[in-house]
Each structure stands twice: as structure tokens, then as C-alpha cells.
Amino acid sequence: MTKEQFRAWRKAMKLTQTGAAQALGLNRNTIELYERGTRRDNPNHVVSIPRTVELACAALMLGIHRYGGPDESTQDDLKVNITHLMTPDGLRPEVVEWVAEHVEGHLFTTNDVATFSNPSEAVYFKLRWGTAASDGAD
């Protein structure tokens with residue numbers, strides 16, 4: 001994701017820099033740094049936007065939002081509806097295999113919902129299995 005793409009994402013989401021920071025769990029200075037693309041104290045130091053931030057931006061565009069109650073330990077968890085990926089015996093075998101290969105954090109499934117301990121993995125899962133659950137694409 002380039003600084004221009006990041007700025008376009010923020011504007012498409014109708015977020016201020018402060019709003020983008022809150023939505024992504026970052027501070028406002030980090031958002032400003034991503035949009036500028038270089039450090040103020042060293043304009044030769046190019047700042048790249050991490051893949052996890054790019055995935056979080058994609059998640060927010062898809063309507064995947066952080067959830068959690070008053071207990072802040074749940075703020076980084078994400079839930080993904082997996083009803084379409086279930087069989088009477090649990091998750092479809094190809095989904096289980098994909099998760100084993102691609103998810104390093106914890107994945108819990110209850111009531112047709114997958115709960116991840118790592119937000120970027122939840123986004124990755126949603127992007128892969130959210131809408132293309134039966135097409136077999138990677």
C-alpha cells in the first residue's frame with residue numbers, strides 16, 4: 001500500500017487522521033507518518049506501511065470491525081462468520097487445512113463464528129474465505 005493509497009482509503013472511509021488512528025488502533029502521528037511517507041527528522045528515511053495495516057484497512061472497507069466490551073483484552077480479537085464453511089462435523093476439511101498452513105495465532109470456533117487472537121490473521125481469513133468460500137481459489 002502506498003501513501004497515496006492509504007490517503008485515498010482514509011478519505012473513502014470519511015475518516016480524519018485521528019479517526020483513522022482510532023479505527024486502526026494506532027496513534028495519530030503514525031497516520032501522519034504513513035501519509036507523508038518519510039520521517040520529518042530524516043526525509044531520506046522512507047516509511048513503508050506494514051502489511052498488517054494494509055489488511056486492517058481492507059477489513060474496515062469490508063465492514064469488519066473490532067469488537068469487545070469493557071475488557072480491553074478482547075479489543076484486538078476479531079470474529080468472522082463461518083456458517084457457510086461448516087459441515088455437520090465442523091469446519092470443511094479444506095478450510096481446516098488452510099488454517100493449519102496460514103494461521104499462526106489462535107482460532108476458536110463456536111456457534112458458527114471463528115474468533116481469532118491475531119487481527120491480521122482474522123482479516124486474511126476473511127479475505128480468503130469470506131466471499132469465495134466455494135470457488136477453490138487461493
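**View 1. Arg128 over the ring of Trp129.** In this predicted model, Arg128 sits over the face of Trp129, 4.0 Å from the ring centre. Trp129 has a relative accessibility of 3% and therefore counts as buried, since the cut-off for buried is under 20%.

**View 2. The aromatic pair of Trp98 and Trp129.** Trp129 also forms an aromatic pair with Trp98. The pair is edge-to-face, with 6.1 Å from centre to centre and 80° between the planes. Trp98 belongs to helix 5 (residues 93-102) and Trp129 to helix 6 (residues 119-129), so the pair ties together parts that are 31 residues apart in sequence. Trp98, at 8% relative accessibility, counts as buried.

**View 3. The aromatic pair of Phe6 and Tyr34.** The structure holds 4 aromatic pairs, and one of them is formed by Phe6 and Tyr34. The ring centres of Phe6 and Tyr34 are 5.7 Å apart and their planes stand at 75°, so this pair is edge-to-face. Phe6 is part of helix 1 (residues 3-12), while Tyr34 is part of helix 3 (residues 28-36); the pair therefore ties together parts that are 28 residues apart in sequence. Both Phe6 and Tyr34 are buried.

**View 4. The aromatic cluster of Phe6, Trp9 and Tyr34.** Phe6 and Tyr34, the edge-to-face pair of the previous view, belong to one aromatic cluster together with Trp9.

Terms used. Residues are numbered from 1 along each chain as its sequence is written. This is a predicted model: local features need pLDDT of at least 70, side-chain atom pairs count only at pLDDT 80 or more; totals for chains, interfaces and linings use all residues. Side-chain values use heavy atoms; hydrogens and water are left out. Rings of Phe, Tyr and Trp (its six-membered ring) pair if their centres lie within 6.5 Å; planes under 30 degrees apart count as stacked, over 60 as edge-to-face and the rest as tilted. Helices (H or I, at least four residues) and strands (E, at least two) are DSSP runs, numbered from the N terminus. Buried means under 20% relative accessible area, exposed over 50%, partly exposed in between (1.4 Å probe, protein chains only). A charge sits over a ring if NZ of Lys or CZ of Arg is within 6 Å of the ring centre and within 35 degrees of the ring normal.
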